[in-house]
Amino acid sequence: ALFKEIRSLIDNNSISLAESKLNLLDLKESAEWNYLKGFVYFKKGWFDNGIQHIITATEIDPENGEYSKTLEILKLRASDIINYYIKSRNYTHYLEIGVENGQLIKNVICKNKIAVDPNPKCPKDIIDKYVVKTTSDEFFTIIDKNSKFDIIFINDHHYSQVAKDIHNALNYLSDNGIILLHNMYCEKESY
């Protein structure tokens with residue numbers, strides 16, 4: 001009954017209340033708890049944290065069709081959106097700020113792609129091929145000032161860093177380029 005109530009809270013965008021109820025339960029070994037915790041993170045815009053909880057839910061209960069279907073949809077979603085823009089606008093230069101586990105940059109189909117992350121948690125082959133191991137602040141001081149990117153994907157959790165990344169990225173955005181934000185959750189409406 002409590003999980004049903006939490007689902008209802010999530011559906012009604014009462015994310016803080018749903019999250020606090022889940023935290024009180026602290027049932028990390030429960031598939032349903034992980035599934036709902038994943039959706040709380042998605043609603044907050046924290047995709048990677050959300051997908052980790054959905055993965056855990058499917059590992060705990062691999063026979064649950066809802067969990068498995070959700071996981072498959074979510075894995076495709078971010079790269080599909082980015083690849084749609086790349087293909088429809090003939091983009092050739094992609095920058096990813098915050099590479100996390102490397103799945104996104106691996107699945108993005110673009111002629112030139114690069115990622116920036118001081119502590120990437122992805123396989124060595126992805127790091128060697130795509131990742132500049134530094135902070136985004138440092139990256140923007142060492143990159144060629146004439147460099148341009150058609151699509152810049154900013155994957156950070158903190159408003160202040162996202163704001164700096166946007167400000168810096170605008171200097172390297174091509175004329176018809178776009179910036180996409182991910183894993184950003186603003187706790188205050190003033191942001």
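Glu66 and Arg7 form a salt bridge in which the closest N and O atoms are 3.0 Å apart; a salt bridge here is a side-chain nitrogen of Lys or Arg within 4 Å of a carboxyl oxygen of Asp or Glu. This pair links distant parts of the chain, with Glu66 in helix α5 (residues 65–88) and Arg7 in helix α1, 59 residues apart. Helices (H or I, at least four residues) and strands (E, at least two) are DSSP runs, numbered from the N terminus. The model is predicted, so local features need pLDDT of at least 70 and side-chain atom pairs count only at pLDDT 80 or more, while totals for chains, interfaces and linings use all residues. Residues are numbered from 1 along each chain as its sequence is written, and side-chain values use heavy atoms, with hydrogens and water left out.

The side chains of Arg7 and Glu32 meet in a salt bridge with an N to O distance of 2.7 Å. Since Arg7 belongs to helix α1 (residues 2–11) and Glu32 to helix α3, the pair ties together parts that are 25 residues apart in sequence.

The axes of α1 and helix α2 (residues 15–25) come within 8 Å and cross at roughly 155°; axes are lines fitted to C-alpha atoms, for helices over the stretch in contact, and angles run from 0 to 180 degrees between N-to-C directions. α1 and α2 are therefore roughly antiparallel to each other. For such labels, angles under 35 degrees count as roughly parallel, over 145 as roughly antiparallel, 65 to 115 as roughly perpendicular and the rest as oblique. The crossing of α1 and α2 is left-handed, meaning that the near helix is turned anticlockwise from the far one by less than a right angle (clockwise would be right-handed). Residues making the contact include Leu2, Phe3, Ile6 and Leu9 of α1 and Ile15, Ala18, Leu22 and Leu25 of α2, where contact means heavy atoms within 4.5 Å.

α1 and α3 pack at an angle of about 15°, with their axes 11 Å apart. That angle makes α1 roughly parallel to α3. The crossing of α1 and α3 is left-handed. Phe3, Ile6, Arg7 and Ile10 of α1 take part in the contact, and the α3 side includes Glu32, Trp33, Leu36 and Phe39.

Asn34 lies in helix α3 (residues 31–44) and is buried, with a relative accessible area of 3%. A polar atom of the side chain of Asn34 lies 2.8 Å from the backbone oxygen of Lys28. Not counting residues up to four places away in sequence, Asn34 touches Leu27, Lys28, His53, Ile54, Thr56, Ala57 and Ile60.

Two loop residues complete the picture. Tyr91, in the loop between α5 and β1 (93–97), counts as buried at 5% relative accessibility. A polar contact of 3.2 Å joins the side chains of Tyr91 and Arg89; a polar contact is a pair of N or O atoms within 3.5 Å, and within protein one must be able to donate a hydrogen and the other to accept it, with residues adjacent in sequence counting only if both atoms are side-chain atoms. Asp144 lies in the loop between α8 and β4 (149–155) and is partly exposed at 46%. The side chain of Asp144 reaches the backbone nitrogen of Asn146 at 2.7 Å.

Definitions and conventions. Buried means under 20% relative accessible area, exposed over 50%, partly exposed in between (1.4 Å probe, protein chains only).
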